[in-house]
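Work through the exercises below with the sequence and the model open. Each task is followed by a solution in steps.

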Amino acid sequence: MQFNHPAGVLPQLKEDFHEVSPHPHSHHILHDRFGTSRGHVAATHITFVGSPLSTTGNSDFRRLRDCCPRLQEVDLRRSLCQALPPNALFACHRLQTLLLPDSLQSIGARACYACDSLTTLILPPGVTEVGDEAFAGCRRLRSLTLSGRPKLGRLTFAGLDSLQEIQVSAAVPPPAHPSTFLGLRGRSLRLRVPRGSEQAYRTAPGWSLLYEADEDAAQPAGPLGLLPAPDSLVQTGGTLLLRHLGGIEADPSLTNEYQHALQLLATRTTYRPGRGRARLLLRVDSTYSRHTDEAYRLEVTTRGICITGGSPRGVFWGLMTLSQLLDTPDPEARCSALPTLVITDQPRTALRELMVDPARIFISLDDLRPFVVEMARYKFNALHLHLVDDQAWRIEIKSYPLLTEQGSSRVGMDDMPLQISGYYTQEEMRDFVAFAARYHVEIIPEIEMPGHEVAAIHCYPRLTCGGQQVPLRTTCGVSNELLCPGEEFVYEFLGNVFRELSTVFPSRYIHLGGDEAGNPPLGCWTHCAKCDSLRHALGITTTDGSENWRLQDYLFRRVIDTLRTQYDKVPMFWYETDFREIPAGCITFAWRHGLTAAAIRAAVDNGARIMLCPGEHCYLDYPAAAGDMPEVNWGMPVTTLEQTYRLDPAWGFGADFEEAHLMGVAGTLWSECIPSVERLYYMAFPRAMALAEAGWSAARRRCWEDFQRRAERQMQQQAARRLLHPTAR
């Protein structure tokens, strides 16, 4: 498909989108129809001619990346493009060919990150800079040619599993970060450089990595950069040589933790079983802390390592801290020595969760497993799954097979013409729940009600007022199609759903949604005869706008009673100011911008506990900087890393509130604009690290400036893990 037309003239595109008739005075852009016409779904080969592509807002590059799901080739050779902006073609998994123009001068960070079908890359001679991770994770790239002498950033060409040849024209090695070629050490790789310059490349930073083949490289641990910050850390001035570590001893209740410890030492250190007298000791002491069973003590001496926890959970968090201590400056090296120290630690809040949203865009469990591992590394202890919404139903319910047969597949999420399908069988989910439990991460399911239920209504129209079938929603926003509180089938349906889910999710909690029930609020119920009958039966005669919210209260209380009495579950829900009362024993979530204080007061007044995930701090699907992904959205504000870090879990309400009512913190990753697992990680981190520290570390241990240093180190380590071991779990 060639874009070739004068400024201001939008050509009539052919249905197959193969070409656009050229014009002698070319100005070439992706025009408005490209974002909405059905033709772009089939576009596989696109050629640009003439003026540079736009790079900001709903730019040409953004639409290439997000609106061409079948894109295989981008030809820019006849364009005047001078820069590939950051994230330009981020995770375009089908892109096989990228042809760059001689006018190109710079390539931004992550410009082609995880373009894992790309096979050949030639950088033109005019390119002066290639940003961090620009081509990292291009796992099928076989041939790389650098025609000039560009500056190469951190991890620029890391994780290129299939790379066979690098050809460089510069006699003087292009300046490279030490991690530019991470993952290529010891590979069978041809490096072709000008005659006589081999020695210069052999000793040049970054390039020298291509000549090293020592897979048993060992280094002492790098500078301490623990995250979240522990309650107390005292270094005692000695060193433990890990080659002296010869065994692991664990209490009988710590079989799971023993296995984690064994894997940790075997893969990350110079530990050799039976060769040394030093030991790693794992102990449970239920009297260790009277406040929480997640507390632990980690001591490193010249004689070994001892981790004592108030429970297996506490021991596991100690192992996660040890895992960070073992990080070396070279992520491919094993740790050879640790400083001796004593760490005592415990969490500030009881529940520290991230929420992911497979309803809008499906996320496979294979992709979520490594995500759980990363969560555990930073001591998150819950993953909240938003399993249903207007766009899809994602969990198998055997009593209602249409939910997944008809409610789990659609085309489109706003202007992204993706084929989105998939659901979790109950057996698959049980396996995933068991996997997460090994990392002490609890899986909390969410089944929305009474709003955000279009997918269920699409499959079973009896659930809504009027009984009319509605299509699956393919856009963001709020639907006014709600579950009908006057329809008994609704309670039968929800009862059967929760009956089946209770056998899949052993979590103490289940989330009921409760937010954004229609626009206008609950308007679906205003002219419903069954709702009128229910209002009459309940003696509701008010006409001040509260009458429908009282129906929602009735619906919630019936469902909550079922969950408590039959399944021993603790209900959760998103707080709305119209909730006049919070039922005893429930947990509410403060989420709306500017309403956190009101939600806290409601929780205090009702004797309830509360989770804090206010949008101004905790909505991690929001862009982290102006112009960052997602460049096009429904009006999301920017939530910076510093804003997330500045979250005060007590919200200024003091120690009494924190002790009696604060449950924890949560970060949300709504997926309307998260079309790939790579984007999920990009949006989550490092802000999830900031949230982890807010939820775990005492206020006196938190420092924004120090956190920045530690987060930078942790992000480097995480990037290396994902590129070197993408499926590690």
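This is a predicted model: local features need pLDDT of at least 70, side-chain atom pairs count only at pLDDT 80 or more; totals for chains, interfaces and linings use all residues.

**Exercise 1.** Classify Trp651 by accessibility and locate it.

Step 1. Trp651 has 24% relative accessibility and therefore counts as partly exposed.
Step 2. Trp651 sits in the loop between H14 and helix H15 (654-660).
Step 3. Its phi is positive, about 55°, although Trp651 is not a glycine.

**Exercise 2.** Give the strand order of the open sheet that contains S4, and name its edges.

Step 1. The order of the 4 strands is S4-S6-S8-S10, with parallel pairing. Two strands pair if DSSP finds at least two bridges between them.
Step 2. Strand S4 (83-84) and strand S10 (151-152) are the edge strands, each pairing on one side only.
Step 3. S4 is joined to strand S6 (residues 106-107) by 2 bridges, and Ala83 stands opposite Ser106 in S6.

**Exercise 3.** Find the surroundings of Arg139.

Step 1. Arg139 is in the loop between strand S8 (129-130) and strand S9 (143-146).
Step 2. With 18% relative accessibility, Arg139 counts as buried.
Step 3. Leaving aside residues up to four places away in sequence, Arg139 touches Asp116, Gly159, Asp161, Ser162, Arg722, Leu723 and Pro726; contact means heavy atoms within 4.5 Å.
Step 4. A polar contact of 2.9 Å links the side chains of Arg139 and Asp161. The term covers a pair of N or O atoms within 3.5 Å; within protein, one must be able to donate a hydrogen and the other to accept it, and residues adjacent in sequence count only if both atoms are side-chain atoms.

**Exercise 4.** Describe the hairpin of S22 and S23.

Step 1. Strand S22 (residues 409-413) and strand S23 (residues 416-421) run antiparallel and are joined by 4 bridges.
Step 2. Ser409 has Ser421 in S23 as its bridge partner.
Step 3. The hairpin has 2 residues between the strands, and Asp414 takes a positive phi near 55°.

**Exercise 5.** Which residues make up helix H17, and how are they placed?

Step 1. All 10 of the 10 residues of helix H17 (residues 687-696) are buried, so the helix is largely enclosed by the rest of the structure.
Step 2. Among the buried residues are Arg687, Glu693 and Trp696.

**Exercise 6.** Locate two cis peptide bonds.

Step 1. One joins Met449 and Pro450, with omega about -15°; Pro450 is in the loop between strand S24 (442-449) and helix H8 (454-459).
Step 2. Another joins Met629 and Pro630, with omega about -5°; Pro630 is in the loop between helix H13 (615-618) and helix H14 (641-645).

Definitions and conventions. Residues are numbered from 1 along each chain as its sequence is written. Side-chain values use heavy atoms; hydrogens and water are left out. Buried means under 20% relative accessible area, exposed over 50%, partly exposed in between (1.4 Å probe, protein chains only).
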